[in-house]
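Here's a quick briefing for anyone meeting this structure for the first time. Have a look at the model below, then read on.

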Amino acid sequence: MKQERIGDVIRQLPKVDLHVHLDGSVRPETVLAIAQLEGIELPAYDADALLPFMQVNDSCQSLTEYLSKFDFTTRFLQTGQALERVAYETVAQAAGHNCHYIEVRFAPQLHRRLGMTVEEAIHYVTQGLKRGEQQFGIQARAIGICMRNHSQAENFEVIEASAAYIGKGLAAVDLAGDEASYPPELFREVFARAHKLAIPVTIHAGEAAGAGNVYEAISNLGASRIGHGIRLQENPDILDMVLKQQIPLEMCPVSNIQTKAVAGWETYPIRDYYDRGLNVTVNTDNPSVSGTDITREYRILSEKFGFTAPELARIVMNGVEAAFLEDSNKQQLKKSCGEAIHALGIHL
Ligand SMILES: O=c1[nH]cnc2c1ncn2[C@H]1C[C@H](O)[C@@H](CO)O1
Ligand SMILES: [Zn+2]
């Protein structure tokens with residue numbers, strides 16, 4: 001297929017984004033608007049000049065450096081109105097890229113500086129997602145994040161509050177933050193509680209530390225999906241286990257290069273993982289922090305790794321199958337994506 005034609009196909013391809021952080025999706029224009037509403041002082045007053053405060057550039061050396069960008073945005077996400085708005089806008093941005101479904105993750109404990117509770121934070125995010133669903137005709141769910149640098153008590157609170165929203169707009173829980181400093185073993189009790197409450201679990205692992213963290217996340221934290229899993233290639237036995245169990249990997253190419261999960265595109269393992277039969281999905285992680293969008297992620301797969309249109313469509317359908325979505329809604333999603341793929345003349 002010619003390169004212009006595959007560009008068109010990628011734009012029109014129905015997509016899903018299973019790994020997108022709310023606080024990594026805030027547009028600079030929205031920061032300006034919230035700052036004005038709430039009387040917050042800014043280092044710059046136009047969108048372009050704000051961008052460097054919110055976005056990494058090519059010089060980013062590690063996940064910890066990448067995570068420092070979130071310190072800036074968090075202070076604009078401390079009211080119910082702001083959370084609702086940013087959740088809604090995240091759905092709007094995804095719909096603009098022909099996503100049929102997104103799972104928007106966020107850490108409720110990061111939004112309590114002005115006294116909002118964890119439950120209220122979840123309430124406002126799920127409200128914003130619902131408004132987006134109605135406006136744009138796509139489906140959206142929230143994922144509640146436990147943070148690696150938070151106390152066990154804070155993370156237990158996230159699990160309990162998330163449980164109350166299962167089936168009401170929230171679909172799963174996650175563990176994010178500084179993987180290099182906080183190994184997953186520290187969170188066994190927290191995720192045992194999630195398991196007891198029958199909440200689906202995904203865990204960031206194998207991004208800023210080795211494949212052993214992927215093993216721990218699956219075997220001891222009950223993860224049924226893995227955020228990133230890039231460093232699985234360092235351990236053939238663990239890779240084989242993930243292959244056999246067909247655990248979906250939420251890969252986020254642009255972010256993974258920026259955080260130095262691998263040294264560069266030459267060693268980015270997505271083609272190898274796909275060819276081995278691993279359950280690969282493609283996602284954005286943080287559109288604003290990474291300066292990316294889901295169309296760009298798919299374009300990179302085509303341009304740098306030679307993925308064909310049917311292969312890209314297969315990756316979309318991997319994401320559909322991996323969605324933490326209630327059964328009847330998932331059937332609907334399968335149908336809408338399957339039909340849109342068929343309408344593009346792609347046969348799986
Ligand atoms: O790629 C990531 N790895 C680990 N943690 C991350 C990543 N992207 C965002 N986060 C963190 C920073 C955010 O403040 C937090 C909640 O979304 O999750
Ligand atoms: Zn992430």
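This is a predicted model: local features need pLDDT of at least 70, side-chain atom pairs count only at pLDDT 80 or more; totals for chains, interfaces and linings use all residues.

Residues are numbered from 1 along each chain as its sequence is written, and chains are lettered from A and ligands numbered from 1 in the order in which they are written.

**Around the ligand**

- Helices (H or I, at least four residues) and strands (E, at least two) are DSSP runs, numbered from the N terminus.

**What the UniProt record says**

- The unreviewed UniProt entry carries the annotation "domain: Adenosine deaminase" over residues 14-335. UniProt positions are given in the numbering used here, feature names are shortened, and annotations may be inferred rather than shown by experiment.
- Over residues 14-335, the chain is 49% helix and 14% strand, with the end C-alpha atoms 11 Å apart.

- You'll find Glu 207 in the loop between β5 (202-205) and α10 (212-219).
- Glu 207 counts as buried because it has 25 C-beta neighbours inside 10 Å. The cut-offs: buried takes 20 or more other C-beta atoms within 10 Å of the residue's own, exposed 12 or fewer, and partly exposed lies in between, with C-beta atoms placed from the backbone.
- Leaving out residues up to four places away in sequence, Glu 207 touches Leu 63, Glu 179, Gly 227, His 228, Ile 230, Thr 259 and Ala 261. Contact means that the C-beta atoms of two residues, placed from the backbone, lie within 7 Å.
- His 228 sits in strand β6 (residues 225-228) and is buried too, with 27 other C-beta atoms within 10 Å.
- His 228 also has a positive phi of about 80°, although it is not a glycine.

**The sheet β1 to β4**

- Four strands make an open sheet in the order β1-β2-β3-β4, with parallel pairing. Two strands pair if DSSP finds at least two bridges between them.
- At the edges are β1 (15-21) and β4 (170-176), each pairing on one side only.
- Neighbouring strands of this sheet are turned by 25° against each other on average, direction ignored. Axes are lines fitted to C-alpha atoms, for helices over the stretch in contact, and angles run from 0 to 180 degrees between N-to-C directions.
- Five bridges join β1 to the parallel strand β2 (residues 99-106), and Val 16 stands opposite Tyr 101 in β2.
- Is β1 buried or exposed? Seven of its seven residues are buried, so β1 is largely enclosed by the rest of the structure.
- Helix α6 (residues 80-96) lies across β1, β2 and β3 (139-147), at about 145° to β2.
- Helix α17 (residues 327-343) lies across β2 and β3, at about 130° to β2.

**The sheet β5 to β8**

- Another open sheet of four strands has the order β5-β6-β7-β8, and its pairing is parallel.
- Its edge strands are β5 and β8 (280-282); each has a single partner strand, so one side of each is left without a neighbour in the sheet.
- The twist averages 30° from one strand to the next.
- Strand β7 (residues 249-251) pairs with β8 over three bridges, with Glu 250 opposite Thr 281 in β8.
- Helix α16 (residues 309-322) packs on this sheet, touching β6 and β8, and its direction makes about 100° with that of β8.

- Lys 260 lies in the loop between α12 (253-258) and α13 (270-276). Phi of Lys 260 is near 65°, a positive value in a residue other than glycine.
- Lys 260 is partly exposed, with 16 other C-beta atoms within 10 Å.
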